[in-house]
Amino acid sequence: MNKQAGSSTGDGTVGKALEVLDKVAAVGRPVRFSELLSESTHPKATLYRLLQTLVSQGMLAYDERQQTYSLGIRLVRLAHAAWRQSSIAPIARPFINTLSEAVGETVHLAQLDSGQVLYVDKRNPTNAIDMFSQAGKVGPAYCTGVGKALMAFLEPAELDHVLKKQSFYRYTPATLASEAELRADLEKIRQEGLSYDREEHEPGIICIAAPILSSKGRPVGALSVTTSTQRKSLEQLLEARPALLDTASKIAAAVEDWQFPA
């Protein structure tokens, strides 16, 4: 048997299975076979076989009563393992706990993932407000405080690459909906070391954010203090700036000797 050919075939099967897994995850709810088939490029028999394999491996769960597929518990365990190994969240957690208690507002910790913002941790005050962000959620980078804080300190070539991945959809009247507008804002953020969300992603939600920078100036994460306009104005929120910057600096120092995955 040709080992190289066998390996290629195996890679192809794995790729197809992961594609199906992505489709189920993207729906965001239990999904029926007919729904997946309507958007699949695979023949009916192939799709069914891939789904059966994913179910048998615990990557998907099948509800016989509802006849739906959803993400499996094995996938959840793998996600938690990946989070522990590649996220700064475990190291940053005590610092963001302290910050949230000190300022009495929601604190987000985020990293860039494929040009978008991945929220890796979140701490709410006692009287939390409802908002889009949750740990594990992915959000747009161009119209969030943490996203802009991260992009502002990227190397020029990397920034160009990330900007190409932005949709510039106008979520609110305040959204920066063009690359030119965003670049101008990023330059101000680089000079000031602080980023703002002026109701750019969600109406009524504002924040100040700071990058978490390595000793070489590489953004390894970003931190924000977030509230609603019903609670505070942006000027009032700026009272948290010293605590935010101090916390970002402490997290940066704590992760300096931590070995990030390549």
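Predicted model: local features only at pLDDT ≥ 70, side-chain atom pairs only at ≥ 80, totals over all residues.
Which residue follows α5, and is its phi positive or negative? The residue is Gly104, with a positive phi near 70°.

- Six strands form an open sheet in the order β6-β5-β4-β9-β8-β7, and their pairing is antiparallel.
- At the edges stand β6 (138–139) and β7 (195–198); each has a single partner strand, so one side of each has no neighbour in the sheet.
- Strand β7 is joined by 4 bridges to the antiparallel strand β8 (residues 205–213).
- Arg198 sits opposite Ile206 of β8.

**The helices**
- Helix α5 covers residues 89–103, and its 15 residues reach 19 Å from first C-alpha to last, close to the 21 Å expected at 1.5 Å a residue.
- A kink of about 30° in α5 is centred on Phe95.
- The buried residues of α5 include Ala92, Ile96, Leu99 and Val103.
- Helix α10 (residues 241–255) lies across β8 and β9 (219–228), at about 35° to β8.

**The nonpolar cores**
- The largest nonpolar core has 26 residues, and Leu109, Ile208, Ile212, Leu223, Val225 and Leu244 have the most contacts inside it.
- At least two residues of this core come from each of α5, β4 (106–113), β8, β9, α9 (234–237) and α10.
- Val225 touches residues including Leu99 and Val103, as well as Ile206, Ile208, Leu237 and Leu244.
- Another core, of 22 residues, lies apart from the largest one, and among its members are Cys143, Leu163, Leu176 and Ile189.

Methods: Residues numbered from 1 in each chain as written. Heavy atoms only, no water. Pairing = 2+ DSSP bridges. Contact = heavy atoms within 4.5 Å. Axes fitted to C-alpha atoms, helices over the stretch in contact; angles between N-to-C directions. Expected span 1.5 Å × (residues − 1). Bend = angle between axes of the 7 residues up to and from the residue. Buried < 20%, exposed > 50% of the residue type's maximum accessible area, 1.4 Å probe, protein only. Core = buried A, V, L, I, M, F, W, Y, C linked by side-chain atoms within 4.5 Å. Lists of a residue's contacts leave out its neighbours within four places in sequence.
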